[in-house]
Amino acid sequence: MVRYSKLAFRSLVRKYSCDICFTPMIVAADFMRSVKARDSEFTTNEGDRPLIVQFAAHDAQTLADAACVVAPFSDGVDLNCGCPQRWAMSAGYGACLINKPELVKDMVRHVRNQVDNPNYTASIKIRIHKDLRQTVDLCQKAESAGVSWITVHGRTTEERHQPVHYDAIKTIKDSVSVPVIANGDIKYLRDVESTHQLTDVDGVMAARGLLANPAMFAGYDDTPLECIWDWVDISVEQGTPFTCFHHHLIYMLERKERKVSLLFSRPSTEMTLQWTAVALFLYAEIGVILILCLPFISARRWQSIFQLRIWGFMARFWNKVFLTMIIVLIVLFLDAVREVRKYSNKEHSPDAKLQPNMFDHLHMKLFRAQRNLYISGFAVFLWLVMKRVITLINQLASVSSSTAALQAQADSANQTAKKYIEDNELLKQTLMEGKGDKATAEGMELLRKEVEKLKQELKTAEVALMKSQSEADVMKKQTEGLAREYDRLLKEHQELQNLQDSGSKKDD
């Protein structure tokens with residue numbers, strides 16, 4: 001791995017069951033030309049074994065010279081014939097060499113002949129051709145030159161993230177007698193086992209999978225925290241440059257960061273569907289109550305609106321709807337209380353100490369839970385208030401209608417009384433103008449009848465007035481009782497709200 005598989009990282013993966021480590025790809029010509037390049041590109045220590053030094057070369061003698069220089073400090077060299085990067089291929093290195101089997105054969109032979117150690121290995125790493133016969137021919141020629149093993153990346157030069165051609169790797173394995181190593185899409189230890197079953201290869205090489213999880217060969221699916229701490233310790237001990245240290249750390253934390261994002265990031269950016277619906281319901285309640293309290297719409301007008309046919313149809317289901325909404329809102333309110341208590345806990349998991357952003361996510365969770373608590377609490381309160389307001393409006397409209405009827409009866413009685421007074425005056429005048437006892441007797445009889453009739457009507461009016469007054473007193477008492485009940489509910493809600501706020505502050 002160019003720039004990545006240096007000494008510090010090799011030391012890390014060796015602690016987690018990696019059998020053989022490769023250096024980053026080193027350009028052989030630059031390595032032989034410059035002492036500075038040798039000191040920069042190749043570093044090792046006594047514990048860094050077995051070690052394979054990977055070179056990029058297009059000249060057999062240059063590769064052999066580089067192999068002789070590193071032979072005392074390593075166990076073998078590997079010729080990179082698989083790097084698909086443009087700069088490498090344009091310079092004659094990497095994957096372009098798979099189209100030059102004779103040159104590859106010559107370079108392998110030069111290394112085998114010029115390195116004195118007979119146990120020193122010379123291997124190649126290749127990609128496959130579209131025509132697999134060319135790849136088989138390349139491998140067989142390398143085998144005839146004495147190659148120690150062949151690492152096969154199961155993609156062509158043009159392929160990047162396409163599926164690995166395991167059938168091609170198996171064909172190559174069946175075509176040569178030297179060990180074959182499979183490479184490509186090895187991200188978990190189970191991928192190692194499945195690759196071996198599919199291809200029957202002698203080993204498996206991992207690159208990007210080890211960058212993301214250096215403990216993969218030890219059986220870990222994700223980078224364990226102790227591996228991250230080991231990386232920090234090794235980097236400090238060996239003086240790893242910060243850029244290299246940072247790049248490896250980012251790779252190791254990539255999968256953990258994805259999991260943390262799935263757990264925390266999404267909820268913090270938007271409301272869930274249910275709480276969005278509750279918030280809209282709360283705004284609708286506020287709007288309805290404001291409309292019901294408009295001063296220029298009288299209670300009798302609202303009563304006439306409520307008596308429309310559509311409201312009569314909906315009234316049959318009103319009680320069920322009211323109770324259903326009460327139950328739903330109370331359940332959501334209790335769920336919000338549970339969330340507040342959960343995220344108000346000051347004890348956090350050990351992972352939180354290694355994830356500074358986790359505290360922000362937890363605080364965001366607590367904020368959202370408190371927001372949901374207020375939304376659901378006010379929704380329940382306003383739902384009760386809205387029902388009580390509608391009831392009071394209907395009662396006020398009934399009292400207004402009764403008062404108007406009483407006023408009409410009083411006006412009618414006044415008009416009748418005035419008429420009788422006028423008639424009485426007329427009778428008196430008639431009596432004063434009458435002549436003789438007969439006229440006087442007739443006048444007195446007429447007056448007596450009129451007085452009795454007037455008393456009877458006054459008595460009837462008095463009874464009706466007392467009955468209306470009694471009904472008005474009853475309606476007034478009911479209105480006062482409803483007002484006291486409303487004040488009591490408002491006071492209890494305020495006390496519950498204060499108690500909840502004090503509880504939240506204590507938890508914080």
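Helix H7 (residues 132-144) packs against helix H8 (residues 166-175) in this predicted model. Their axes lie 10 Å apart, at an angle of about 40°. Axes here are lines fitted to C-alpha atoms, for helices over the stretch in contact, and angles run from 0 to 180 degrees between N-to-C directions. H7 passes H8 in a right-handed crossing, that is, the near helix is turned clockwise from the far one by less than a right angle. H7 contributes Leu132, Thr135, Val136, Cys139 and Gln140 to the contact (heavy atoms within 4.5 Å), and H8 contributes Ala168, Thr171, Ile172 and Ser175. By class, five of these residues are nonpolar, four are polar and none is charged. Ala, Val, Leu, Ile, Met, Phe, Trp, Tyr, Cys and Pro count as nonpolar, Asp, Glu, Lys and Arg as charged, and the others, Gly among them, as polar.

The protein chain has 18 helices and eight strands. These are DSSP runs, numbered from the N terminus (helices: H or I, at least four residues; strands: E, at least two). Of the 508 residues, 38% are buried. Buried means under 20% relative accessible area, exposed over 50%, and partly exposed in between (1.4 Å probe, protein chains only).

Residues are numbered from 1 along each chain as its sequence is written. As the model is predicted, local features need pLDDT of at least 70 and side-chain atom pairs count only at pLDDT 80 or more, while totals for chains, interfaces and linings use all residues; side-chain values use heavy atoms, leaving out hydrogens and water.

Thr121 lies in strand E5 (residues 121-127). Thr121 counts as buried because its relative accessibility is 16%. Among the residues it touches are Ile52, Asp75, Arg112 and Trp149, not counting residues up to four places away in sequence.

The whole structure holds eight aromatic pairs. Rings of Phe, Tyr and Trp (its six-membered ring) pair if their centres lie within 6.5 Å; planes under 30 degrees apart count as stacked, over 60 as edge-to-face and the rest as tilted. Tyr16 and Tyr220 form an edge-to-face pair, because their ring planes stand at 80°, with centres 6.4 Å apart. The two residues are 204 residues apart in the chain. Tyr16 is buried at 8% relative accessibility, whereas Tyr220 is partly exposed at 33%. Phe31 and Phe55 also pair edge-to-face, with centres 5.5 Å apart and planes at 65°. Phe31 sits in helix H2 (residues 28-33) and Phe55 in strand E3 (residues 51-56). Both Phe31 and Phe55 are buried. Phe9, Trp231, Phe242 and Phe245 form one aromatic cluster.
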